[in-house]
Amino acid sequence: PGAMRSASLLLLLLVAAASAASVAAAQRASPAASPSSSSASSLVVEIRGGNLIKEASNNVFVLEFYAPWCGHCQRFVKTYEAVAEELKGRVKFGRIDGTLHDDMAVRFGVRAFPTIFLIMGSTVYKYDGMLTHASLRNFVTEGYKKARPLNQLHSPFGLGGITKAGMLRLGMLINENIYPFFTDTLGLAPVTSYVVMVLTGLVLALAAAIFVALLALPKEHME
């Protein structure tokens with residue numbers, strides 16, 4: 001049973017990677033969003049993925065996921081920066097473009113913009129209040145105590161978040177290297193390339209699952 005569970009998990013992960021490759025390829029063909037015209041306050045750090053841990057470590061950190069085309073995000077800029085100014089020295093604030101850093105958006109489970117999180121070490125709270133100065137300030141200073149932190153399955157620093165981000169990165173890696181081979185070298189249509197990549201991922205996942213299952217079979221002792 002343990003071997004079958006391991007094989008099934010491996011199968012699901014590899015299938016997810018193949019699916020992510022197809023999604024990434026589709027996004028690649030879509031036009032990019034126009035950059036935001038608003039400039040961030042010096043009190044609000046622009047997060048680019050790699051510097052999140054550095055900025056959030058040993059600090060109470062508020063992180064906003066935004067999109068350049070999002071009207072609510074643009075209207076919220078001054079409010080967000082005003083709260084950052086008021087809580088200067090007590091709380092650090094940052095923002096990240098969820099359309100550019102989609103691996104981070106997946107890791108945090110972002111489904112709409114803006115989405116705001118309060119990070120306290122490895123504990124993460126999602127803000128579900130109104131986009132007003134008073135509401136955000138209250139949540140950051142006191143209100144989070146009444147909220148339930150994200151569990152390990154949904155936390156960006158838990159196994160679930162890390163796995164989802166890893167699958168997306170793997171899918172993007174497959175897309176960047178394999179998708180051009182099918183479309184540019186072999187001359188296949190985009191839809192055909194998606195189908196081939198998914199089928200290839202399924203075959204490899206099945207082969208890997210069978211291999212893991214065989215390794216886990218009890219060995220017979222020769223007398």
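Predicted model: local features only at pLDDT ≥ 70, side-chain atom pairs only at ≥ 80, totals over all residues.
View 1. Leu202 belongs to helix α8, which covers residues 190-216. Together with Val191, Val195 and Leu199, Leu202 makes a nonpolar surface patch of about 350 Å².

**View 2. The protein chain as a whole.** The chain contains 8 helices and 5 strands. Along the sequence these elements follow the pattern α-β-α-β-α-β-α-β-β-α-α-α-α. Of the 223 residues, 38% count as buried. The chain exposes about 13,300 Å², and carbon and sulfur atoms supply 62% of that area. Among contacts between residues at least 6 apart in sequence, 72% join residues at least 24 apart.

**View 3. Strand β4 and its partner β2.** How many of the 6 residues of β4 are buried? The count is 5, and the strand is described as mostly covered. β4 pairs with strand β2 (residues 60-66) in the antiparallel sense, over 6 bridges. In this pairing, Phe61 stands opposite Ile119 of β4. In a regular strand, side chains alternate between the two faces of the sheet.

**View 4. The hairpin of β4 and β5.** β4 and β5 run antiparallel and are joined by 5 bridges. Phe117 stands opposite Lys126, a residue of β5. The two strands form a hairpin with 2 residues between them. Gly121, in the turn, has a positive phi of about 70°.

**View 5. The largest nonpolar core.** This core has 17 residues. Those with the most contacts inside it are Val62, Tyr80, Phe93, Leu118, Leu136, Phe139 and Val140. Which elements give two or more residues to the core? They are α3 (71-86), β4 (115-120), β5 (123-127) and α5 (133-141). The largest share, 4 residues, comes from α3.

View 6. Leaving aside residues up to four places away in sequence, Tyr80 touches Val44, Val62, Leu63, Glu64, Phe93, Gly94, Arg95 and Leu136. A second, separate core has 14 residues, including Ile96, Phe108, Val110 and Phe117. Phe117 is also the residue that stands opposite Lys126 in β5.

Key:
Residues numbered from 1 in each chain as written. Heavy atoms only, no water. Buried < 20%, exposed > 50% of the residue type's maximum accessible area, 1.4 Å probe, protein only. Contact = heavy atoms within 4.5 Å. Areas by Shrake-Rupley, 256 points an atom, 1.4 Å probe, with all protein chains shown as cover. Core = buried A, V, L, I, M, F, W, Y, C linked by side-chain atoms within 4.5 Å. Patch = residues over 30% accessible without salt bridge, like charges linked within 9 Å, V, L, I, M, F, W, Y side chains within 5 Å. Salt bridge = Lys/Arg side-chain N within 4 Å of Asp/Glu carboxyl O. Pairing = 2+ DSSP bridges.
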